[in-house]
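Subject: A structure for you to look at

Hello,

Here is the structure I promised to pass on to you. Please open it beside this email, and follow along as you read.

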Amino acid sequence: MKFRPCIDLHNGAVKQIVGSTLDTSVEDGLGLEENFTSSQPASHYASLYSSSSLTGGHIIKLGPNNDSPALLALSTSPQTLQIGGGITSKNAKQWINAGATHVIVTSYVFSNGAINYDHLNELVSAVGKDKIVLDLSCRRKQGDIDGPYYVVTDRWQKYTDFVVDEESLKSLSVYADEFLVHGVENEGKRCGILEDLVVLLKDSPIPVTYA
């Protein structure tokens, strides 16, 4: 196990927010719960993480106005950070060429409530399995406190029919180098981890970052 850093970008600024408060108003920030907004740019943290030998971290672009600071961060410390947010088979290669080690993908692969294997195969063709991180951020359905964890998309507001379990982790491992999993119910709330989800993820055949 090792610690991996993160840079979340919202409207060009580095922020730590409660991810489950993201909705379709992400562009203007209405309804967002912010724990912290940094006065430093993303490139500052990219350099800091690199100088501290913290590799394998990621930049997540939350909505528009984040491409320029993300590109600057990648150029500041190339081949040390992954990139996610709006990634498709059409733009994945340009982010790899810009210095990202991997592209992180959710909504492009999980669309209309289900996994889209055509998109997944297109992504593998574009950059290769070894450059892909599948974001399987998940949550239980409301009121089902002992139920399964479902992958959620579109700023974690839409449930898919994809359950995160040992079998599904194994089936998707052939398409990706790593998984990224946010425990959506607890993320950003400073209330600890979802221990049962972490126990489930230990059976993944490829590396997993729990966030």
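This is a predicted model: local features need pLDDT of at least 70, side-chain atom pairs count only at pLDDT 80 or more; totals for chains, interfaces and linings use all residues.

Helix α2 lies across β1, β4 (57-62) and β5, and runs at about 165 degrees to β4.

Those strands belong to an open sheet of nine strands with mixed pairing, in the order β3-β2-β1-β4-β5-β6-β9-β13-β14. Which strands stand at the edges? They are β3 (34-37) and β14 (208-210); each has a single partner strand, so one side of each is left without a neighbour in the sheet. On average, neighbouring strands of this sheet are turned by 30 degrees against each other, if direction is ignored.

β2 (residues 13-17) pairs with β3 in the antiparallel sense, over three bridges. Within this region, Lys15 stands opposite Thr37 in β3. Helix α1 (residues 42-51) also packs on the sheet, where it touches β1 (6-10), β2, β3 and β5 (81-84). The direction of α1 makes about 175 degrees with that of β1.

Next, helix α4, residues 117-127. Which of its residues are buried? They are Leu120, Leu123 and Val127. Seen down the axis of α4, these buried residues fall within an arc of 60 degrees, so they line one face of the helix. The buried residues of α4 pack against α3 (92-97), β6 (103-105), β8 (114-115), β9 (132-135) and α5 (166-172). On the face turned away from the buried side, α4 carries the exposed residues Asp118 and Ser125.

Now for the charged side chains. Side chains of opposite charge can pair when their charged atoms come close.

- Asp67 and Lys61 form a salt bridge, with their closest N and O atoms 3.1 Å apart. Asp67 is partly exposed, at a relative accessible area of 40%, while Lys61 counts as buried at 10%.
- Asp196 and Arg140 meet through their side chains at 2.3 Å, N to O. This pair links distant parts of the chain, 56 residues apart: Asp196 sits in helix α6 (residues 195-201), and Arg140 in the loop between β10 (138-139) and β11 (150-153). Asp196 is partly exposed, with a relative accessible area of 36%, whereas Arg140 is buried, at 13%.
- Asp203 and Lys202 meet in a salt bridge at 3.2 Å, N to O. Here Asp203 is partly exposed, with a relative accessible area of 35%, and Lys202 counts as exposed at 59%.

Last, the cysteines. A search of the whole structure finds zero disulfides. Take Cys6: the nearest cysteine sulfur belongs to Cys138 and is 16 Å away. A disulfide needs the two sulfur atoms within 2.5 Å, so Cys6 is in no disulfide. Cys6 is partly exposed, with a relative accessible area of 33%, while Cys138 counts as buried at 0%.

Enjoy exploring!

Best wishes

Notes: Residues are numbered from 1 along each chain as its sequence is written. Side-chain values use heavy atoms; hydrogens and water are left out. Two strands pair if DSSP finds at least two bridges between them. Helices (H or I, at least four residues) and strands (E, at least two) are DSSP runs, numbered from the N terminus. Axes are lines fitted to C-alpha atoms, for helices over the stretch in contact, and angles run from 0 to 180 degrees between N-to-C directions. Contact means heavy atoms within 4.5 Å. A salt bridge is a side-chain nitrogen of Lys or Arg within 4 Å of a carboxyl oxygen of Asp or Glu. Buried means under 20% relative accessible area, exposed over 50%, partly exposed in between (1.4 Å probe, protein chains only). The arc is that of the directions from the helix axis to the C-beta atoms.
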